[in-house]
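Here is a briefing on one predicted protein model. Please look over the sequence and coordinates before reading the points that follow.

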Amino acid sequence: QVQLVESGGGLVQAGGSLRLSCAASGRTFVNYSMAWFRQAPGKERECVAAISWSGGTTYYVDSVKGRFTISRDNVKNTVYLQMNTRKHEDSAIYYCAKDSIIRVFPLRTRQYAYDSWGPGTQVTVSA
């Protein structure tokens, strides 16, 4: 089983930047797609970005396209989410997750597809 731990969250003013990191330990995550989900109070958890096992394919939800960038370093066993915040709507708990199927394609964005989750990191965007 892969253990995931997010870091890098915090308070940021709208227009500011944050970089979230997700460190994986235990079994390697190299052959698995990874994703970042977020959940705001009273809202469903949504996939904001995903990246293929090789890093060659990415997915972004429309609301973050052009503002967020997902990347991965398979040597460091780490996935990143660079966020250029613009809206209070980016405030949420952000979760890192690993797909359950090796080298799956196309990228999946539903929660049920992911079998390992981190505890989450809070991001708060102030106006």
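Leaving aside neighbours within four places in sequence, Gly26 is in contact with Gln1 and Gln3; contact means heavy atoms within 4.5 Å. This is a predicted model: local features need pLDDT of at least 70, side-chain atom pairs count only at pLDDT 80 or more, and totals for chains, interfaces and linings use all residues. Residues are numbered from 1 along each chain as its sequence is written, and side-chain values use heavy atoms, with hydrogens and water left out.

- Gly26 belongs to strand S3, residues 17–26. Strands (E, at least two residues) and helices (H or I, at least four) are DSSP runs, numbered from the N terminus.
- Gly26 counts as exposed, because its relative accessibility is 61%. The classes are buried under 20% relative accessible area, exposed over 50%, and partly exposed in between, with a 1.4 Å probe and protein chains only.
- From Gly26 to Arg38 the sequence separation is 12 residues, and the C-alpha to C-alpha distance is 24 Å.
- Lys98 sits in strand S9. Its relative accessible area is 5%, so Lys98 is buried.
- Outside the four places on either side in sequence, the contacts of Lys98 include Val2, Leu4, Phe29, Tyr32 and Met34. Also among them are Ala113, Tyr114, Asp115 and Ser116.
- Lys98 and Ala127 lie 29 residues apart in sequence, with 32 Å between their C-alpha atoms.

**The four-stranded sheet**

- Four strands form an open sheet in the order S1-S3-S8-S7, and the pairing is antiparallel. Two strands pair if DSSP finds at least two bridges between them.
- S1 (2–7) and S7 (68–73) are the edge strands; each has a single partner strand, so one side of each lacks a neighbour in the sheet.
- From one strand to the next, the twist averages 15 degrees. Axes are lines fitted to C-alpha atoms, for helices over the stretch in contact, and angles run from 0 to 180 degrees between N-to-C directions.
- S7 and S8 (residues 78–84) run antiparallel and are joined by six bridges.

**Strand S4 and its partners**

- S4 covers residues 32–39 and is mostly covered, with seven of its eight residues buried.
- S4 and S9 (residues 92–102) run antiparallel, with seven bridges between them. Arg38 has Tyr94 in S9 as its bridge partner.
- S4 also runs antiparallel to S5 (residues 46–51), through five bridges. Phe37 is opposite Cys47 in S5.
- The S4 and S5 hairpin has six residues between its strands, and Gly42 there takes a positive phi near 80 degrees.

**Cysteines**

- A disulfide is a covalent bond between the sulfur atoms of two cysteines. The cut-off used here is a pair of cysteine sulfur atoms within 2.5 Å.
- The structure has one disulfide. Cys22 and Cys96 form it, with their sulfur atoms 2.0 Å apart.
- The S-S torsion of Cys22 and Cys96 is about -75 degrees, so this disulfide is left-handed.
- The bond links distant parts of the chain: Cys22 is in S3 and Cys96 is in S9, 74 residues apart.
- Cys22 is buried, at 0% relative accessibility. Cys96 is buried too, at 0%.
- Cys47 is in no disulfide; the nearest cysteine sulfur belongs to Cys96 and is 11 Å away. Cys47 has a relative accessible area of 6%, so this residue is buried.

**Backbone exceptions**

- Most residues other than glycine have a negative phi, and most peptide bonds are trans.
- The peptide bond between Phe105 and Pro106 is cis, with omega about 5 degrees. Pro106 lies in the loop between S9 and S10 (114–117).
- Arg103 is also in the loop between S9 and S10. Arg103 is not a glycine, yet has a positive phi of about 50 degrees. Its relative accessible area is 46%, so Arg103 is partly exposed.
- Asn77, in the loop between S7 and S8, has a positive phi near 55 degrees and is not a glycine.
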